[in-house]
Structures are given as C-alpha cells and as structure tokens.
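Me: I would like to learn how to read hairpins and salt bridges in a model. Can we work through one together?

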Amino acid sequence: MRIARDGSWFYKGSPIGRKELVCLFASVLKREADGSFWLETPVERGRIEVEDAPFVAVEMWWRSCADPFVPSDAPGAEPRQCLTFRTNLDEMVTADSDHPIRVVIDPKTREPRPYITVRPGLEARINRAVFYELAALAEPEQIEGRSMLGVWSQGVFFPIDEAPGSEAPPPRRGRRGQRAQSRQGDCNCLPAAE
C-alpha cells in the first residue's frame, strides 16, 4: 500500500476509491520511531509507503475562542485565535501545543512545506491554498532574539518563517495568549459540519 503526496491511497498500484475504506485504514495507521509507517490491527501488521505525510489539510477555519484560563468577566479578558483544520479524510484538528504547526523551509528554494500534527507521529501536509490563508494571518514576534512571522492558535505561537527586516515589535502577551511552553487548553471551537 502507498499514500501519495496528494493524500491518495493506493493498493497494488490502484487508487482506493471508497473514502470509508481509506478512513478505516487511516484509523489503524501508526508511525514507528524509525519513521516507518504501519497499518496495525490486533491481529495483523503491514508496512505502508508514505510519500510525504499521510494526510493533507484541505480547509482551515479561524475562530475567536474564549481563553479557558481567564474568566470572561476579568478586566482585559479578550478572546484568542483558534485555527482549526480539516483533513482530506474529514478529521478536524485545532492547532495547539499537542497539535503543533511546523514549517520546513527548503534551504535552496526557500519554498515552505507546512504541516500540522493530527495524532502522535502522524501529520497532515497543509495544502498550498490553506497555507496562503494561514500566511495571511501571520504576524511578527520576537523568538529567542530572532524576528519571526507566525500565527497564534490556542494561545500558542507557531513560527512560519523569519520576518523581513531586522526590527521587530516587542512580544505581545494577553490578547492572543502566551508562547508555546505556557498555557494549554481546548477552546471547543470546532466549526459545525457542512
């Protein structure tokens, strides 16, 4: 079996057309410490080739969510940004400290390859159109003395790339949340199914 870069699943060279069957296979997909992917049930185990990531993020929703660590009537309490992604298999995942966004920049072409963690060891590649939406929400932050562009979700800042120019505003706290090592929580702001 093989998962192509575009998220299509193949068995013996033929595409698997039934989404329900692909979802069933995806539910037993695991990744080993050596990076290999396996389909694992209680009685069988088989290796699967994955060209890039096993899933593709095909949609993103932006929501303002209440901060679960600040009472809504507290002075200066403001909603914070939550970014929720839908994969090609209709799995919903909100970016947070357990589901981080990471962007790999090609050192030669500077082309970004963005991903979000769906389950431990399993990521979805964020498709180009969704990445453009994500980049439109980017704002500058100082991270360990470097000026970075990135996005906030669930009070966690996810760097996308270095910010152009050398000047960066001081880090903001409160309105969108804290840095990745601080607050966590689920805002329960998944969009309604359409």
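Reply: Start with what counts as a strand: a DSSP run of E with at least two residues, numbered from the N terminus. Two strands pair if DSSP finds at least two bridges between them. Keep in mind that this is a predicted model.

Me: How many residues lie between β13 and β14 in their hairpin?
Reply: There are 2 residues between these strands. In the turn, E144 has a positive phi of about 50°.

Me: In which sense do β13 and β14 pair, and over how many bridges?
Reply: The sense is antiparallel, and β13 (residues 139-143) pairs with β14 over 5 bridges.

Me: What joins β14 to β15?
Reply: 6 bridges do, and β15 (residues 156-162) runs antiparallel to β14. Here V151 has F158 in β15 as its bridge partner. This pair of strands is also a hairpin, with 2 residues between the strands. Q154 takes a positive phi near 55° there.

Me: Is β14 mostly covered or mostly open?
Reply: For burial, the cut-off is under 20% relative accessible area. Strand β14 (residues 146-153) is mostly covered, with 6 of its 8 residues buried.

Me: Now salt bridges. How many does the count come to?
Reply: The idea is a side-chain nitrogen of Lys or Arg within 4 Å of a carboxyl oxygen of Asp or Glu. By that rule the count is 13 salt bridges.

Me: Which parts of the chain does the K19 and D90 pair link?
Reply: First the contact: the side chains of K19 and D90 form a salt bridge at 2.7 Å, N to O. K19 sits in helix α1 (residues 19-27), and D90 in the loop between β8 (80-87) and β9 (92-94). The two are 71 residues apart, so the pair links distant parts of the chain. K19 is partly exposed at 34% relative accessible area, and D90 is partly exposed at 41%.

Me: What else meets D90 in a salt bridge?
Reply: R86 does, at 2.6 Å, N to O. Salt bridges with shared partners join K19, E59, R86 and D90 into one network.

Me: Where do R125 and D52 lie?
Reply: Their side chains meet in a salt bridge at 3.3 Å, N to O. R125 lies in strand β12 (residues 122-126), and D52 in the loop between β6 (45-50) and β7 (55-65), so the pair ties together parts that are 73 residues apart in sequence.

Me: Is R125 buried or exposed?
Reply: R125 is buried, with a relative accessible area of 13%. D52 is partly exposed, at 21%.

Notes. Residues are numbered from 1 along each chain as its sequence is written. This is a predicted model: local features need pLDDT of at least 70, side-chain atom pairs count only at pLDDT 80 or more; totals for chains, interfaces and linings use all residues. Side-chain values use heavy atoms; hydrogens and water are left out. Helices (H or I, at least four residues) and strands (E, at least two) are DSSP runs, numbered from the N terminus. Buried means under 20% relative accessible area, exposed over 50%, partly exposed in between (1.4 Å probe, protein chains only).
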